[in-house]
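Load the model and keep the selection tool at hand. We will go stop by stop.

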Amino acid sequence: MIVLKSPAEIEIMRQAGRILADIMDTLIDKVKPGITTLELDKTAEAQLKKSGATPAFKGYRGFPRSICVSVNEEVVHGIPGARCLLEGDIVSIDIGVRYNGLYSDSAVTVGVGAIDDEKQRLIDTAKEALTSGIEAMTTANRLSDICASIQKVIEGHGFSIVRDFVGHGIGSELHEDPQIPNFGEPGHGARIKEGMVFAIEPMVNAGCADVRIDNDDKWTVKTVDKKPSAHFEHTVALTHKGQEILTWRKTHP
Ligand code: MG
Ligand code: MG
C-alpha cells in the first residue's frame with residue numbers, strides 16, 4: 001500500500017532533505033585523493049548530530065556506519081573504512097537521514113580528481129536517468145512510467161541497469177511501498193498521486209548488469225565483471241506544484 005503524505009509530513013521531510021543536502025555538499029567538497037572513506041563517514045556523522053538528526057543507515061539490519069561509500073566496481077552499500085580514495089576513482093556516497101520521525105535518502109557519484117571519459121559518461125548517464133525518472137513522476141503517469149523513462153536513458157547510452165536493487169517509497173520508514181525498479185514497460189502500476197514521496201535511484205553499470213554481495217563484509221554490492229558503477233538518488237515529493245526534490249542541492253543532482 002502506498003501511503004500518501006500530508007503537507008505537514010512533507011514539510012518535515014523537506015527539513016530532513018535539507019539536512020541531508022548540506023551534508024552531501026560537505027562530503028563532495030572533501031572527496032580528494034588521499035582521504036579515507038571512514039573520514040567521510042565521521043564528517044557525516046558529526047554534521048548529522050549537530051543538525052539534530054540521526055543516520056538512517058547506522059544499525060539498519062546491522063549496518064555498522066552512518067553512510068554508504070562505494071568505490072569504482074562497488075555499486076552500493078560499501079562500508080566506510082580504511083580505504084583511501086585515489087586519483088581517477090569514482091565514489092558513490094549514499095546518505096539516509098531520520099529527522100523528527102521521518103526520512104530522506106539521497107546518493108551521488110563523483111570523480112576523485114581527474115577521471116577518464118568512460119567513467120564521466122557513466123556518471124552523466126546515471127544523473128540523466130535520475131532526472132528523467134523525476135520528470136516522469138506526474139499525475140498523468142503510472143508508476144512504471146518512472147521505471148521505463150530511467151531504463152530508456154541508461155540503455156540509450158549503452159550501459160547496464162542494476163536489477164537487484166530498486167528505488168522505493170519513503171516517509172515514516174526508510175523503505176516503504178512501492179518498489180521502483182529502474183526498468184519496466186510503461187503504463188503499469190498505480191496512478192501517481194499528490195502526496196506520494198519516492199526515493200528514485202538509478203544504479204548504472206559500465207559493463208554487465210550482474211552484481212554480487214561481497215563474501216567478507218556481507219554488505220558491499222559489487223559488479224561481477226569489476227567494471228565501475230554509478231548511483232544517483234533523490235527523495236522527491238509530488239505536491240500541488242509538481243515534483244519537488246526534497247534532497248535538492250546547489251550541486252544538483
Ligand atoms: Mg540511498
Ligand atoms: Mg534509497
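**Stop 1: the metal pair**

Select His-168, which is buried with a relative accessible area of 4%. This is a predicted model. The histidine is one of the donors of the magnesium ion (ligand 2). Show the other protein donors as well: Asp-105 (OD), Glu-201 (OE) and Glu-233 (OE). The donors of this ion lie 2.1 to 2.2 Å from it. Along the sequence, the donor residues of ligand 2 follow the spacing D-x62-H-x32-E-x31-E. His-168 sits in strand 7 (residues 167-169), and Glu-201 in the loop between strand 9 and strand 10 (203-205). That pair is 33 residues apart and links distant parts of the chain. Is Glu-201 buried or exposed? Glu-201 counts as buried, at 7% relative accessibility.

Now move to the magnesium ion (ligand 1). Colour both aspartates by accessibility. Asp-94 is buried at 8% relative accessible area, and Asp-105 is buried at 2%.

Draw a distance between the ions. The magnesium ion (ligand 1) and the magnesium ion (ligand 2) are 3.2 Å apart. Asp-105 bridges the two.

**Stop 2: the start of helix 3**

Select Asp-116. Its place is in the loop between strand 5 and helix 3. Asp-116 is partly exposed, with a relative accessible area of 43%. What does its side chain reach at the start of helix 3? A side-chain oxygen of Asp-116 comes to within 3.2 Å of the backbone nitrogen of Glu-118. Asp-116 and Ile-90 are 26 residues apart in sequence, yet 9.8 Å apart in space, C-alpha to C-alpha.

**Stop 3: along helix 3**

Select residues 117-135, the 19 residues of helix 3. At 1.5 Å a residue the helix should span 27 Å, and its end C-alpha atoms are 27 Å apart, which agrees. Next, highlight its buried residues. They are Lys-119, Leu-122, Ile-123, Thr-125, Ala-126, Ala-129, Leu-130, Ser-132, Gly-133 and Ile-134. To read that pattern, recall that an α-helix has 3.6 residues a turn, so residues three or four places apart point the same way.

**Stop 4**

Switch to cartoon view. Find the open sheet of 5 strands, in the order 8-7-9-14-15, with antiparallel pairing. Strand 8 (176-180) and strand 15 (242-245) stand at the edges. Each has a single partner strand, so one side of each is left without a neighbour in the sheet. How are neighbouring strands of this sheet turned against each other? On average they are turned by 25 degrees, direction ignored.

Zoom in on strand 14 (residues 234-239) and strand 15. They run antiparallel and are joined by 4 bridges. Select Leu-238: opposite it, in strand 15, stands Gln-243.

**Stop 4: the helix across the sheet**

Finish with helix 4 (residues 143-156). It lies across strand 8 and strand 9 (197-200). Relative to strand 9, helix 4 runs at about 20 degrees.

How values were computed
Residues are numbered from 1 along each chain as its sequence is written. Chains are lettered from A and ligands numbered from 1 in the order in which they are written. This is a predicted model: local features need pLDDT of at least 70, side-chain atom pairs count only at pLDDT 80 or more; totals for chains, interfaces and linings use all residues. Side-chain values use heavy atoms; hydrogens and water are left out. Helices (H or I, at least four residues) and strands (E, at least two) are DSSP runs, numbered from the N terminus. The expected span of a helix is 1.5 Å times one less than its number of residues. Buried means under 20% relative accessible area, exposed over 50%, partly exposed in between (1.4 Å probe, protein chains only). A polar contact is a pair of N or O atoms within 3.5 Å; within protein, one must be able to donate a hydrogen and the other to accept it, and residues adjacent in sequence count only if both atoms are side-chain atoms. Donors are N, O and S atoms within 2.8 Å of the metal (3.2 Å for Na, K and Ca); water is not among the atoms, so sites may look incomplete. Two strands pair if DSSP finds at least two bridges between them. Axes are lines fitted to C-alpha atoms, for helices over the stretch in contact, and angles run from 0 to 180 degrees between N-to-C directions. Contact means heavy atoms within 4.5 Å.
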